[in-house]
Amino acid sequence: MKTLRRLTILSTTVFLHAASASADRLFLQDGTKVDGTYLGGSGGSIQFRMNDGTVKSYDLSSIQWIYLSQKPTQAGTSNSSTSQPQSPAGLHLSPSGTNAASAVVPSDTGSDVPQAQAQLALDFHNQKRRDVGSPPLQWSTELAAYAQKWANQLANDNHCQLDHTVDNKYGENLFGGSGTTYTALFASQDWYSEKQKYTYGILTDANWYAMGHYTQMVWKNTTQVGIGQANCAGGGSVIAAEYHPPGNYMGEKPY
């Protein structure tokens, strides 16, 4: 058997970042800003109460950035002001739908990806894995450090051109975007978008290239992930994710 990896480069898009806010805030993929009160999250979505009192649900895949002016302690309540975006409560889910504390990213992520952003990316991975019955991933600081080293090399020595590591024992997804700074969650959402190209079945030399990022994200035997990020001199970002054990084995199904 052989395992294959692939990469893509995302063209320039506008990415919105909330530096401060008087209310909880979302920025959607289409650039729409949503202000309200964060209520909680589960099953791959989060709920916001609008200023008119209505409650709306937003799928995580539609969101570019989440800013919470207060850190939620449980769905529907919040306290303790914070200046950094927090991971939505209730999104650390195991395949059975119960909370999985072991899927929490440590404060020292092992890379330049901040804990809150790493948690969002891990939660996104695990929600999409849960959708297809694959067990949740754990965050690995060792993998994150490996990913960070490669992201730095691509940004500093390779002019942000994407190339895979040589003789890498891990699975690897790469993302590159120009014009602004991207996040691990944004890269994960971009990799996941390949699902629309996947018709369930075994991977072959003919079909794997179009959806190899997605299949690695949900590969049934993969148990750990770590992500690193580096900024490019001319603007933009390189994001690398390492997976162990690797996926994308030809002749096998991802789940």
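## Trp 208 and the basis of the model

At 11% relative accessibility, Trp 208 counts as buried, a class that requires under 20% relative accessible area, with exposed meaning over 50% and partly exposed the range in between (1.4 Å probe, protein chains only). The structure is a predicted model, in which local features need pLDDT of at least 70 and side-chain atom pairs count only at pLDDT 80 or more, while totals for chains, interfaces and linings use all residues. Residues are numbered from 1 along each chain as its sequence is written, and side-chain values use heavy atoms, with hydrogens and water left out.

## Overall organisation

The chain contains 4 helices and 12 strands. These elements are DSSP runs, numbered from the N terminus: helices are H or I runs of at least four residues, and strands are E runs of at least two. Of the 255 residues, 53% count as buried. Among contacts between residues at least 6 apart in sequence, 66% join residues at least 24 apart; a contact means heavy atoms within 4.5 Å.

## Helix α4

The buried residues are Trp 208, Met 211, Gly 212, His 213, Tyr 214, Thr 215, Gln 216, Met 217 and Val 218.

## Aromatic pairs

Rings of Phe, Tyr and Trp (its six-membered ring) pair if their centres lie within 6.5 Å; planes under 30 degrees apart count as stacked, over 60 as edge-to-face and the rest as tilted. By this rule the count comes to 12 aromatic pairs. Tyr 182 and Phe 186 form a tilted pair, at 4.9 Å centre to centre and with 50 degrees between the planes. Both Tyr 182 and Phe 186 are buried. The ring centres of Trp 208 and Tyr 209 are 5.6 Å apart and their planes stand at 80 degrees, so this pair is edge-to-face.

Ring pairs also link Phe 124, Tyr 192, Tyr 198, Tyr 200, Tyr 214 and Tyr 255 into a cluster. Of these residues, Tyr 214 is one of the buried residues of α4.

## Lys 220 and its charged contacts

A search of the whole structure finds 1 salt bridge, defined as a side-chain nitrogen of Lys or Arg within 4 Å of a carboxyl oxygen of Asp or Glu. The side chains of Lys 220 and Glu 252 form this bridge, at 4.0 Å from N to O. Lys 220 lies in the loop between α4 and β11 (224-231) and Glu 252 in the segment after β12, so the pair ties together parts that are 32 residues apart in sequence.

Lys 220 counts as partly exposed, at 29% relative accessibility. The charged end of Lys 220 also sits over the ring of Trp 219, 4.9 Å from its centre; the criterion is NZ of Lys or CZ of Arg within 6 Å of the ring centre and within 35 degrees of the ring normal.

## Strands β10 and β12

Strand β10 (residues 171-177) is mostly covered, with 7 of its 7 residues buried. Gly 171, Asn 173, Phe 175 and Gly 177 point one way from β10, and Glu 172, Leu 174 and Gly 176 point the other way. β10 and β12 pair in the antiparallel sense over 7 bridges, where pairing requires that DSSP finds at least two bridges between two strands. Glu 172 has Glu 242 of β12 as its bridge partner.

Ser 237 belongs to β12 (residues 237-244) and counts as buried at 2% relative accessibility. A polar atom of the Ser 237 side chain lies 2.9 Å from the backbone nitrogen of Tyr 182. Leaving aside residues up to four places away in sequence, Ser 237 touches residues including Phe 175, Gly 176 and Gly 177, as well as Tyr 182 and Cys 232.

Note on methods
Polar contact = N/O pair within 3.5 Å; in protein donor to acceptor, adjacent residues only side chain to side chain.
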